[in-house]
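Hi there,

Here is the structure I promised to pass on to you. Have a look at it first, and then read my notes below.

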Amino acid sequence: MPFAETVLRHATKPDAEYLSHVNEGYLRDCYRQEDLPPNGLETVIDAADTLDNTVQQVPSDSGLHGIIPIDR
């Protein structure tokens, strides 16, 4: 996820006190583009992906497709 998108999404959190402490400067210090664990344990979901694509991708990539019902 690009840093600018991370900041935008973070700003939607409803806890104002949290946001005052965990601000853009804090996020910048922690942010690492494509910071993934080794051995392919995580899948990258592109920032441009739609919610529907993401909702379908997660169970599929995790091996849970068909096991967990997805209600929309």
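Below is what turned up, taken feature by feature. Please keep in mind that this is a predicted model.

**The aromatic pair**

Searching the whole structure turns up 1 aromatic pair. Its partners are Phe 3 and Tyr 31, whose ring centres are 5.2 Å apart; the planes meet at 70°, so the pair counts as edge-to-face. Where do the two residues sit? Phe 3 belongs to helix α1, while Tyr 31 is in the loop between α3 (24-30) and α4, so the pair ties together parts that are 28 residues apart in sequence. Both Phe 3 and Tyr 31 are buried.

Helix α1 covers residues 3-10, and His 10 is found in it. Is His 10 buried or exposed? Its relative accessible area is 9%, and anything under 20% counts as buried, so His 10 is buried. Apart from neighbours within four places in sequence, His 10 is in contact with Tyr 18, Leu 19, Val 22 and Leu 27.

Now try Glu 17, found in helix α2 (residues 16-21). Glu 17 has a relative accessible area of 58%, and the cut-off for exposed is over 50%, so Glu 17 is exposed.

**Helix α4**

Helix α4 runs over residues 51-62 and has 12 residues. From the first C-alpha to the last, α4 reaches 17 Å, close to the 16 Å expected at 1.5 Å a residue. Just after α4 comes Gly 63, with a positive phi of about 80°.

**The largest pocket**

How big is the volume of the largest pocket? It is about 210 Å³. Among the residues lining this pocket are Met 1, Thr 6, Tyr 31, Arg 32, Glu 42 and Ile 45. Sorted by class, the lining has 5 nonpolar, 3 polar and 4 charged residues.

Enjoy exploring!

Best wishes

Definitions and conventions:
Residues numbered from 1 in each chain as written. Predicted model: local features only at pLDDT ≥ 70, side-chain atom pairs only at ≥ 80, totals over all residues. Heavy atoms only, no water. Helix = DSSP H or I, 4+ residues; strand = E, 2+ residues; numbered from the N terminus. Buried < 20%, exposed > 50% of the residue type's maximum accessible area, 1.4 Å probe, protein only. Contact = heavy atoms within 4.5 Å. Expected span 1.5 Å × (residues − 1). 1 Å grid on protein atoms, 1.4 Å probe; cavity = no way out; pocket = protein on both sides within 12 Å on 5 of 7 lines; lining within 4 Å. Points joined across faces, edges and corners; volume = space filled by probe spheres on them. Nonpolar A, V, L, I, M, F, W, Y, C, P; charged D, E, K, R; others polar. Phe/Tyr/Trp six-rings, centres within 6.5 Å; stacked < 30°, edge-to-face > 60°.
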